[in-house]
Amino acid sequence: MRVLGTVGLPGSGKGEAAVVAEDRGIPVITMGDVIRQACRDRGLDPAEHHGQMARTLREENGPAAIAERSIPMINKALSDADTVLVDGLRSMVEVDAFESEYGDGFLLVSIEAPFDVRAERLGDRGRDESDGDLEKLRTRDERELELGMGDVIDYADLTIKNTNTLEAFHDQINAIFDGDADVFEQQTETQ
Ligand SMILES: Nc1ncnc2c1ncn2[C@@H]1O[C@H](COP(=O)(O)OP(=O)(O)OP(=O)(O)O)[C@@H](O)[C@H]1O
């Protein structure tokens, strides 16, 4: 059993890591899915209430609420699969929740790229208007770091620098899933 969590600032490549996982048939649970499900459970439109629901869940059930709600989803996926990817951890309380559930089976991977590289890639991605806005990216970075993402990045078992081609990045992610170079084993043994 392996639960691989990713952390990274906006545009670092977490979504691409999830694409690699899905291509290999590895289930992906995103924290966003948890929030969308909570919206639907309460009859709310996720497109409209996503941000508010994230805050409500934390207010009602504490800062680890979203991680805790994702654990049953991960466990369900683990009944059919050996490995699951959890996309986008944001704070140490979430790390603690996954570590207490999965112990050494949990591996935290930090995906990193410099601001300028992320800004250019997000500009190309253009998923929404904030993607092309440098000031908004700076604000998003600051907000994530203030909310504790920096600690999670520092704590990660493995760091991947996503500064090369997309193909090279996919190879790096595949190597982690393959357990190449004993990367996975070394890290879990020393935890
Ligand atoms: N090595 C790379 N070379 C070229 N493009 C890349 C590379 N890595 C990622 N990208 C592209 O950069 C964009 C941002 O990557 P991605 O969507 O994976 O980031 P993210 O970490 O999920 O961001 P967010 O948190 O904002 O959703 C995407 O369009 C992705 O295809």
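The model is predicted: local features require pLDDT of at least 70, side-chain atom pairs count only at pLDDT 80 or more, and totals for chains, interfaces and linings use all residues. Residues are numbered from 1 along each chain as its sequence is written.

**The sheet.** Select the five strands, which form an open, parallel sheet in the order E2-E3-E1-E4-E5. Helices (H or I, at least four residues) and strands (E, at least two) are DSSP runs numbered from the N terminus, and two strands pair if DSSP finds at least two bridges between them. At the edges lie E2 and strand E5 (158-161), each pairing on one side only. Neighbouring strands are turned by 25° against each other on average, direction ignored; axes are lines fitted to C-alpha atoms, for helices over the stretch in contact, and angles run from 0 to 180 degrees between N-to-C directions.

**Strand E3.** Next, select residues 83-87. Five of the five residues of this strand are buried, so E3 is largely enclosed by the rest of the structure. A residue is buried if 20 or more other C-beta atoms lie within 10 Å of its own, exposed if 12 or fewer, and partly exposed in between, with C-beta atoms placed from the backbone. Thr-83, Leu-85 and Asp-87 point one way, whereas Val-84 and Val-86 point the other. Strand E1 (residues 2-7) is joined to E3 by four bridges, with Val-3 partnering Val-84. Strand E2 (residues 28-30) contributes three bridges to E3; here Val-28 partners Leu-85, and Thr-30 stands opposite Asp-87.

**The core.** Select Val-3, Val-86, Leu-108 and Val-109, the residues with the most contacts inside the largest nonpolar core, which has 39 residues. Such a core is a set of buried Ala, Val, Leu, Ile, Met, Phe, Trp, Tyr and Cys residues joined through C-beta atoms within 7 Å. Its largest share, five residues, comes from strand E4 (residues 106-112).

**The ligand.** Select the ligand and the 16 residues that surround it, the closest being Pro-10, Lys-14, Gly-15, Arg-121 and Arg-125; a residue counts if its C-beta atom, placed from the backbone, lies within 6 Å. Helix H1 (14-23), helix H6 (115-125) and helix H9 (166-178) each give two or more residues to this shell.

**A loop residue.** Finally, select Asp-45, in the loop between helix H2 (31-41) and helix H3 (46-61). Asp-45 is exposed, with 10 other C-beta atoms within 10 Å.
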